[in-house]
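Thanks for coming, everyone. Please bring the structure up on your screens, and I will walk you through a few parts of it.

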Amino acid sequence: MLTSVKLSPLALAIAASLGVLAVVVPGRAFAQNAATQDSESTQSLETIQVTGSRIPRAQVEGPAPVTVITAQEIKANGFASVPDVLRSITQNGGETQSQQSGSAADFSPGAQQVDLRGLGPNHTLVLVNGRRIADFPMPFKGRSNFTDISNIPLGMIERIEVLTGSASAVYGSDAISGVVNFILKKEADGTQLDLRYGDTTRGGGESYKLNLSTGFTRGDFNLVFGAELLDQKPLWAYDRSIQDSTLDAPTSRSQTPRRTFLRTDWDDDYLDPGEATCAGLAYLNGGTTTYANRRNYGNFCGSAASIGYGTITSGRKGINTYTSMSMPFGDGLSWFADIQAGYSKVKLFRDVEQWSYMAPDGNEEGYFYNEATGQIEYWGRQFTPEEMGGLNRGMIETTQKTFGFTTGLKGTFGRDWDYEASLAHSQYDATISWPQIVASRANDLYLGPQLGVDEDSGYPIFNADPDRLYRPLTRGEYESIFARTVYHPESRSDTLAFTVSNLSLFELPAGAAGFAGVVEFGNQGYNLKPDPLATEYYYYSWKDSDGHGSRNRWATAGELRLPVLDKLDVSLAGRYDRYQFAGHGTGKFTWSTGVEWRPVDSLLARGSYGTAFRAPDLHYVFAGIGNDETSGTDYYRCRTEEPGENINDCSWSDEGLIRTRQGNRKLDPETSKSWTAGFVWSPLANVDLSIDYFDIDMRNQVQDLSTDRLLQLEADCRIGTDANGKPVDPHSPSCVDALSRVTRTASGKLYGVYVNPINIAREHTNGIDLSAHYKLETGIGNFLFSGNYTWTRKHTFQRYPGDVVEDEFAVNSGFDIPRNKTSASVTWERGGWAATLHGERLGRLPNSDSYDRIVDVEAGDKAWINATTRFNASVRYRFGERDQLALSVTNLFDKMPPRDPTYTAYPYYDISWFDAVGRSYYVQYTHKFGGKSGL
């Protein structure tokens, strides 16, 4: 069961501190462990501080909704990783990169994100024990900094608290869509050992995990230590029949084998190698290379199976440790320190290396004048595992090293004042190695020396024997053109903070007013440290940018909680942040307020309002100019030269592109306004219901321009209408900008796009969060029911002032987010036995045609993928007082991704939301040494 009731941060932290799975309702808490708590009893609650406020409080509710997931629930619901846990949260509705994402492999291999409310991962603030941690040192999609959640050790989490909505008045920059706070274990009773084995029923992806938690007390000194060791084997695409071949594609054109060997003329007509030539290459790609044909182009030697060489799940080996120490000195003064250290190695495979002629200036058109044949030609190769020496030679390899250290003093002064002074440091260092082909060496190997420039075409002249193209490389030849580009990116975050609080600042008729104040000084920096050769035109189709910079900040903030009337509380918070970077300074004041009204003990009506901001992140500001290779659809040529052809089957639906990107030092801060309104009602002791309306209005949002949208807009602007015939003004700001960013060759062939971060006018979302919980005690055991539902009423996006406001849920919107998400669980407990069934429903998503904005609604084209449901199950048995055995199964019914007849790009389904792992099972044994009896 997921205790994601929409409660105050404080209430849920208190519940977790009681050591039980608790559902907290106004004025009471009922426990989910009948052996330790009576469901009718009212808890005496001590004050505690958690996500959303710095003022400790004992009231079990607050003005803003918060979701909490405890360690017990994580285990019961069968979650195998932190990303699995966060995907189950219904408010986590954004499109993020999966482990199969090509963009992730290129820019942030091994990292994963959380995206509350679908506003982008960089607008969700991630904390560990209430403190900021260093960003992943490489940017999300090559654009913005973000926090990697994949390295947070699942076994050391005590609970996860999720506050959705603007929280900058408490936390400062970044908390626009919400805050995710991972609270790690800080208490140990004896030593606990957890050993978990996992595998998939379809094969591949085997894993081992060991968790150790222990601690000791010597006099007044207390220490808690935890460690998690993980060995996750990769799962390869060729192990899943749904994506092991181009024959899995939905259309005949997209089922064409990949072009392992390709030779064309100037008109892009394939020059036939002959069936005998391909027969001599048949042993390559595991014996799947054949004499193939691409409609309207011609014959070539290729393989349908070579598409399946990527990894669905990355391989990962690593260890993460966490140490918490404290020692009181007397007179209310105590010292504390937390240390986190992690080391992981991640391996994944995106694709085999490729080559075509790349000019010294980086031009990748690939054409040259071949003196041997007297014509302009294009040659292309996709190298095979046999030439490479095995797929392991092509793995992207990442070594991740994380370290965090926090220390400080807590104490009291005066009559009622508490204080905390702390220094926190966090760093994330990585070594990332990508396989590459050295362009000049490959050019020489295949084409020989350049003999000049053809006067008529302007293309370079080579005397290249076509037989050379069709001769597989020896290991030595492949090694002569192969290299690895190695980056050493790093990021860090340092914060010095001083916090004071007073629960009785002054008296009001209904009680004492509480206050908290904080002063912070911080510095944040990053450095990509790329391979210097990667910033030149050295590797084939890879010219990256450098990026490094830092910024200083200071902030001061204050909060008040005012019991205005006996049943009415008001809270106020204000904060001013000042950032200094790139010779510029920017400051922002944010504030928030909340109201709690309790007309009766069982009902709370609440509301909150807040402003937030995000200072332009470092890579948006400091990114140097660089190129990377991408692909896109030439919508202009498809619509003008093949107007009757489906876009996916158009001859220019997969054109190679050079994408050029550079940072922008003139960005403004992003800003937002957010409000919530709702109630929590407990009609019976064992029942609670909550419903909250949310609204977030973000302005001046910063993000990179989309390559696909630029190409669509370029076509609209050149033609004068969009794909559905709606008029488009070629002189509008968007058109003028788009036409200047897309470049073509003299022949009209699409060549490149220029993108950079800009301040976008507005993104706005609102909707409803609903939660319900029920406990039923019977003679055959206790049943615990939980349900959570998020329905997004509206999510709109506007690129420039004056542009059309786009509905992200509309047909042909170009966005990929669900309108609704649901999760539900039922748990049964009796004696030493417990079992849980957990289900998640993802609302309908746009199909590929709708994402590409080419659905013809009037013709009755389908635009949606139906909603999908997945189930997890677990059974746990505690034998004795110190041992437990658990079996959990994820994707219980072994569901594969839904079929989308319009999804012609590999792997032929939406990898942002689905994967082909199938059913997985985990067996976990827990044993406790020493300490009190009981787990």
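Start with strands β31 and β32. β31 covers residues 584–600, and seven bridges join it to β32 in an antiparallel arrangement. Keep in mind that this is a predicted model. The two strands form a hairpin, with two residues between them. To find the pairing on screen, pick Val-595: its bridge partner in β32 is Gly-607.

β32 has another partner. That is strand β35, residues 670–684, again antiparallel, over 12 bridges. Leu-603 marks the spot, with Trp-681 as its bridge partner in β35. So is β32 largely enclosed or largely open? Nine of its 12 residues are buried, so the rest of the structure largely encloses it.

Next, a sheet. It is open, has five strands, and reads β28-β33-β34-β38-β37. The pairing is mixed. Which strands stand at the edges? They are β28 and β37; each has a single partner strand, so one side of each is left without a neighbour in the sheet. Further in, β34 (residues 655–661) and β38 (residues 750–755) pair in parallel over four bridges. Ile-658 has Gly-752 in β38 as its bridge partner.

Helix α14, residues 707–719, packs on this sheet. It touches β33, β34, β37 and β38, and its direction makes about 115° with that of β38. Helix α15, residues 733–741, lies across β37 and β38. It runs at about 45° to β37.

One joins Cys-717 to Cys-735, with the sulfurs 2.0 Å apart. The link is left-handed, at -85° about the S-S bond. Cys-717 sits in α14 and Cys-735 in α15, 18 residues apart. Cys-717 is buried, at 4% relative accessible area. Cys-735 is buried too, at 1%.

Another disulfide joins Cys-638 to Cys-650, S to S 2.0 Å. Here the torsion is about -100°, so this disulfide is left-handed. Cys-638 belongs to helix α13, while Cys-650 is in the loop between α13 and β34; they are 12 residues apart. Cys-638 is buried, with a relative accessible area of 2%. Cys-650 counts as buried at 1%.

Then there is Cys-278 with Cys-301, sulfur atoms 1.9 Å apart. The torsion is about -85°, so this disulfide is left-handed. It links helix α6, where Cys-278 is, to strand β14, where Cys-301 is, across 23 residues. Both cysteines are buried. Number the bonded cysteines in sequence order and the pairing is 1-2, 3-4, 5-6.

The largest core has 33 residues. Which of them touch the most other members? Phe-349, Trp-355, Trp-379, Phe-383, Tyr-446 and Leu-447 do. α9 gives the most, with four.

Zoom in on Phe-383. Beyond its sequence neighbours up to four places away, Phe-383 touches residues including Trp-355, Met-388, Tyr-446, Leu-473 and Tyr-478. Apart from this core lies another, of 28 residues, among them Met-138, Leu-348, Val-438 and Phe-622.

Now look at Glu-387, in helix α8, residues 385–388. Is Glu-387 buried or exposed? At 1% relative accessibility, Glu-387 counts as buried. Its side chain makes a polar contact of 2.7 Å with the side chain of Arg-381. Leaving aside neighbours within four places in sequence, Glu-387 is in contact with Arg-381, Pro-472, Leu-473, Arg-475 and Tyr-478.

Last, some backbone details. Most residues other than glycine have a negative phi, and most peptide bonds are trans. Here are departures from that. Lys-529 has a positive phi, near 45°. It lies in the loop between β27 and β28, and it is partly exposed, at 35% relative accessible area. Asn-891 also has a positive phi, near 55°. Asn-891 is in the loop between β47 and β48, and it is buried, at 12%. That loop between β47 and β48 holds Pro-907 as well. The peptide bond from Tyr-906 to Pro-907 is cis, with omega near 5°.

Note on methods. Residues numbered from 1 in each chain as written. Predicted model: local features only at pLDDT ≥ 70, side-chain atom pairs only at ≥ 80, totals over all residues. Heavy atoms only, no water. Buried < 20%, exposed > 50% of the residue type's maximum accessible area, 1.4 Å probe, protein only. Polar contact = N/O pair within 3.5 Å; in protein donor to acceptor, adjacent residues only side chain to side chain. Contact = heavy atoms within 4.5 Å. Pairing = 2+ DSSP bridges. Axes fitted to C-alpha atoms, helices over the stretch in contact; angles between N-to-C directions. Core = buried A, V, L, I, M, F, W, Y, C linked by side-chain atoms within 4.5 Å. Disulfide = S-S within 2.5 Å.
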